[in-house]
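Here's a quick briefing for anyone meeting this structure for the first time. Take a look at the sequence and the model, then read on.

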Amino acid sequence: MTASFNRRILLAGAGAGLGLAFGARAEDAKAPAKPETPAPSVELYARSPLVSNIALSPDGKRVALINQKDDTNFLVFFDIAGGKPKRVGLGAGKMRGLLWADNDHVVIINSVTTSLPELAASKSELYLASCLDLNTLKMANFFSRDDEFYNIVEGDIRRIKVNGEYRVTASNFKRNPPFDEYLYSFAADSGHGHEIMSGSQYAETFLTTPQGEPVAYSEYDEDRKTWTLYYNTGTPGHSRYEAIYKKKEDGRYTSLEGLGRDGKSVVIRTYADGVVATYHEISADGALGPALDADSKDKDHTPLFHPTTWRLCGFSHRDDQVVKSYDDPLMKKLNEAIPQVVGDGARSYIVDFAEDPRKMIVYSQSASDAGSYAFIDFSNGDTTAIAFDYPDLAEEWITSKQAIDYKAADGLNIHAYLTLPPFKEAKNLPLIVLPHGGPQARDTLDYDWQTQVFASRGYAVLQPNYRGSEGYGDAFISAGQGEWGRKMQTDLSDGVRYLAQKGIVDLKRVAIFGASYGGYAAMAGATLDPGVYRCSVAIAGISDLKSFISAREDDSGRVDSSMVRYWKTQFGDQKTWDDASPAKQAARAYCPILLIHGTDDTVVPIDQSRRMEKALKAAGKDVEFITYKGQDHWETIPSARITMMQASLDFIMKHNPA
């Protein structure tokens, strides 16, 4: 089905004419006892990877990608068969997505941090979509030619093909009350769209066929706490929507996911008792089919949809890496063939498909590759390398994670990842605990630039998937609810003690570093879990549970919104919130703390770090606070990300030297 090749040799010469993959890689060799090259700079690790977004044209002949140099974005596009790439400056915006509108136009999605006074006083991340003509370099912004809409998009951005013509869908809401939501389609060269379907102000997801035929949409009414599915029962060209399924929701609510296997039914994700997530097909008459993922209690599944038909064709789940299981014969065969091309030792992910799904872009990583892209054409066996993400990173400094398991104090199994520093014996090492954000997320074996920075400086790094993490079933997620600052926290320090008992780390040389929920855990580790850490670096973390809930209530304009209910479930009994709030327990801080926060964070307001700083100073504790103007929750601005990482490393090396 495909031609075999030496992946390393192929990638070594990748993109020579594209100016993307700089330099060859050495052949596989045993790691030297001492490094042949000095440790890479923090900037090399922390700057943006060479490819931040990438897409394949419908005909499978061209690639477009977004590349960041310093804080400036560039669109690069080229023919896979060869030819000089072209480069277009896009400025310093926050790039969020890229897709081909047709074979000559690309859609660029970016975001801005601002507010819409009619809807909310607080800032939020608002998205814009623009279509660029690659021949004339003229840009058309979606919804820019209709005064009824803001010049933004809400979502539902997909390429469709109507009577042989490519179009792109996008949703938006009217700028005047009652703010009804609409799905429009746009020709590639026009910012003026055509309405496909509409819903009320509560509309969430619109679903069409690949030919743009309206199928269904969903709404969630915050007032009535009711999720409703509307299905198009009209004849072609004459839409008529009927409510075929309704469900009262108190916790996590149902969502519309995509087309069912027959192309007529739709797939929804719903929750039994607000806890166990399952997927079902619903037919046009509202009949709810059986659960499609019977073992979802043990693994958090995500549906897979065919890239051409958009129909359900399997499920994936996140383990040490993403594992995909296809029901569709062709997709199953393609998925199984990829390791034969990139190598069995590589972690590989399909990034994009052409209209013919046998033509695809694949991203892969391995012990000797921090990330690379290749075009694979399974119709003829051709493979073309595109780019390395970190072409200047010497292979000897790419350090692999290893999966480990240990028991928490109450006997719960915790799956984690340990990264050891290169060129050092795994004995009595200094340790950095790096909890992931979320908390309903997880770490994997995938390349992690922050972990690589610390390992290159001589630290072991522990990344526990503490209780509340996804990927281990609904019961494991539920086990974290109400355990902020409690068992979720000791899940981390139990891992420290496990590694110390093994003789791998020095129990007296441990630091904690994290962002988002990890930032909370870093503050909690320095206040609520005494004697474990020598210092703490907390990036964009929640410090005061009550004030965070109040801010979320203000954002939504209500005390019982689905978002507020989610966070209250996370935090547990309100009587315990102060006890679990690092800012309220600042007098218990026992080690130096570095706080870092971006001013444009719309997920965790910067006020949370300011509260922590004020409380620590009032208690006479050792605290430093660094702010970054314009930086968001996702550390999008590269220059700020680099200086943030350098400041964090300097702080840790001062208080917990390697």
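How much space lies in the largest cavity? About 90 Å³. What you're looking at is a predicted model, where local features need pLDDT of at least 70, side-chain atom pairs count only at pLDDT 80 or more, and totals for chains, interfaces and linings use all residues. Residues are numbered from 1 along each chain as its sequence is written, and side-chain values use heavy atoms, with hydrogens and water left out.

**Confidence**

- The chain has a mean pLDDT of 91 (pLDDT is the predictor's confidence in each residue, from 0 to 100), and 93% of its residues reach 70 or more.
- Over residues 1-31 the pLDDT stays under 50, and the model has 74 contacts beyond four places in sequence for that stretch; a contact means heavy atoms within 4.5 Å.

**Cavities**

- There are two cavities of 30 Å³ or more in the structure. On a 1 Å grid over the protein atoms alone, a cavity is a set of points where a 1.4 Å probe fits but cannot get out, while a pocket is an open set with protein on both sides within 12 Å along at least five of seven lines; lining residues have an atom within 4 Å of a point. Grid points are joined across faces, edges and corners, and a volume is the space filled by probe spheres set on the points.
- The largest cavity holds about 90 Å³ of space, and 13 residues line it, with Ile539, Ile596, Gly598, Gln631 and Glu635 the closest to its centre.
- Strand β33 (593-598) and helix α11 (638-655) each give at least two residues to that lining. Helices (H or I, at least four residues) and strands (E, at least two) are DSSP runs, numbered from the N terminus.
- Sorted by class, the lining of the largest cavity has six nonpolar, four polar and three charged residues. Ala, Val, Leu, Ile, Met, Phe, Trp, Tyr, Cys and Pro count as nonpolar, Asp, Glu, Lys and Arg as charged, and the others, Gly among them, as polar.

**The largest pocket**

- The largest pocket has about 2,200 Å³ of space. It is lined by 46 residues, and the closest to its centre are Ser124, Glu154, Asp555, Ser556 and Met563.
- Elements giving two or more residues to this lining include β7 (124-133), α8 (545-556) and α9 (562-571). The largest share, six residues, comes from α8.
- The pocket lining has 21 nonpolar, eleven polar and 14 charged residues.

**Helix α6**

- At 1.5 Å a residue, the 15 residues of α6 (residues 487-501) should span 21 Å, and the end C-alpha atoms are 20 Å apart, which agrees. The expected span is 1.5 Å times one less than the number of residues.
- Its buried residues include Met488, Leu492, Val496 and Leu499; buried means under 20% relative accessible area, exposed over 50%, partly exposed in between (1.4 Å probe, protein chains only).
- The buried residues of α6 pack against several elements, among them β31 (505-515) and α7 (517-527).
- Gly503 follows α6 and has a positive phi, near 80°.

**Two loop residues**

- Trp310 sits in the loop between β20 (301-305) and β21 (312-318) and is buried, with a relative accessible area of 7%.
- Among the residues Trp310 touches, leaving out those up to four places away in sequence, are Arg158, Ile160, Pro210 and Phe305.
- Thr233 lies in the loop between β15 (226-232) and β16 (241-248) and is partly exposed, at 27% relative accessible area.
- Not counting residues up to four places away in sequence, Thr233 touches Arg240 and Glu242.
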